Amino acid sequence: MIPPIARRFVAGESVPAALDHARAANEDGVAVILNLLGEHYDDAADARADTDAYLSLLDDIADSGLDACVSVKPSQIGMDVSPDLFEEHYREIVARAHELGAFVWCDMEDADTTDATLDAFESIAADYPWSVGQCVQSNLKRTADDLERLVDVPGKIRLVKGAYDEPSSIAYTDKARVDEAYRDDLRFLFERRDRGIAVGSHDPEMISLSDRLAREHGADYEVQMLMGVREDAQRDLAAQGVDVHQYAPYGDKWLSYFYRRVRERKENLTFAARAVLGQ
């Protein structure tokens, strides 16, 4: 049984529970990105099992007619075994989605996996255009160059501030500086793209900036927020006609999910506490 504090952020332990959550969110005009909890597998069999689970989930979503897609983690589908295994599984999942008219996001994890993750995204998007999207993190100093590289790739780009506690040699560690980088990255995407922009943020300032940039440049975009965080704002934005997607984890690994998030960065605990308190 998932305790109440976790239940706010996790859409149940089973696929039927996750689909029920997506159905309820859809009724409020909010699309859902489902993520099966699990990460940092060093056993190829575990990576294969979750790959198969995603293939099955894509079939279930297609059968349900829900406005939902999936998001995978590199270390969940083979990155900690080998980058080649990760790309093989990533490609297989996207191929199934492409066949079904569905969509796959790939999360970004710690900085030492960035190159392999972006290499795979670029290659897979070329073969399955607009069936795949990739997360990038503005706190990394390299991200401006990465966006320049990815701007013409036929896949969506989810821009987030970044939740991993990376060293100052490769990442901005001051909140104001991260915010500045995020604004700069948003401006770049809206100036250079007319589609495939995902604003992964709960920050009202960044969401307002995205709206202004979209109007200025005539670009389509979506806003992505976590399940359990500012859900009233999610519904309000959807009611205003904004394309809103809620990232909703599910599965029985919820305890390790919370534990890892707090270990990765102490600010994550404060963030979760504020979300629970509705601040």
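1. Asp107 is buried, with a relative accessible area of 6%. Buried here means under 20% relative accessible area, exposed means over 50%, and partly exposed lies in between (1.4 Å probe, protein chains only). The model is predicted: local features need pLDDT of at least 70, side-chain atom pairs count only at pLDDT 80 or more, and totals for chains, interfaces and linings use all residues. Residues are numbered from 1 along each chain as its sequence is written, and side-chain values use heavy atoms, with hydrogens and water left out.

2. Which side chains meet Asp107 in a salt bridge? One is Lys73, at 3.0 Å from N to O. The term stands for a side-chain nitrogen of Lys or Arg within 4 Å of a carboxyl oxygen of Asp or Glu. This pair links distant parts of the chain, 34 residues apart. Asp107 sits in the loop between strand 3 and helix 5, and Lys73 in the loop between strand 2 (68-72) and helix 4 (83-100). Helices (H or I, at least four residues) and strands (E, at least two) are DSSP runs, numbered from the N terminus. Lys73 is buried too, at 7% relative accessibility.

3. Arg158 also meets Asp107 in a salt bridge, at 2.9 Å from N to O. Arg158 belongs to strand 5, so the pair ties together parts that are 51 residues apart in sequence. At 5% relative accessibility, Arg158 counts as buried.

4. Strand 4 deserves a look next. Is it enclosed or open? Six of its six residues are buried, so strand 4 is largely enclosed by the rest of the structure. Val132, Gln134 and Val136 point one way. Gly133, Cys135 and Gln137 point the other way.

5. Strand 4 has a partner in strand 3 (residues 104-106). The two run parallel and are joined by three bridges. Strands pair if DSSP finds at least two bridges between them. Cys106 stands opposite Gln134 of strand 4. The chain passes from strand 3 through helix 5 to strand 4, in a right-handed β-α-β crossover. Right-handed means that, with the strands pointing away from the viewer, the path from the first strand over the helix to the second runs clockwise.

6. Strand 4 also pairs with strand 5 (residues 156-160), in the parallel sense, over five bridges. Here Cys135 faces Arg158 of strand 5. That is the arginine in the salt bridge with Asp107. With helix 6 (residues 143-150) between them, strands 4 and 5 make a right-handed β-α-β unit.

7. Now the nonpolar core. The term covers buried Ala, Val, Leu, Ile, Met, Phe, Trp, Tyr and Cys residues joined through side-chain atoms within 4.5 Å. The largest core has 67 residues. Those with the most contacts inside it are Leu34, Leu57, Tyr90, Ile93, Leu186, Phe190 and Tyr221. A second, separate core has six residues, including Phe103, Trp105, Ala198 and Tyr247. In soluble globular proteins, nonpolar side chains tend to be buried together.

8. What does Ile93 touch, leaving aside its neighbours within four places in sequence? Its contacts are Thr51, Tyr54, Leu55, Leu58, Val72, Ile77 and Val104. Contact means heavy atoms within 4.5 Å.

9. Two residues have a positive phi without being glycine. His40 is at about 55 degrees. It lies in the loop between strand 1 (31-36) and helix 3 (44-64), and is partly exposed at 27% relative accessibility. Trp130 is at about 60 degrees. Its loop runs between helix 5 (114-127) and strand 4 (132-137). Trp130 is partly exposed, at 28% relative accessibility.

10. Other salt bridges need a mention. A search of the whole structure finds 24. Arg215 and Asp211 form one, with the closest N and O atoms 3.0 Å apart. Both are in helix 8 (residues 204-217), four residues apart, which means a separation of about one helical turn. Arg215 is exposed at 66%, while Asp211 is partly exposed at 26%. Lys161, Lys175, Asp179 and Asp203 are linked in a network.

11. Overall figures come last. The protein has eleven helices and eight strands. Of its 279 residues, 52% are buried. Among contacts between residues at least 6 apart in sequence, 72% join residues at least 24 apart.
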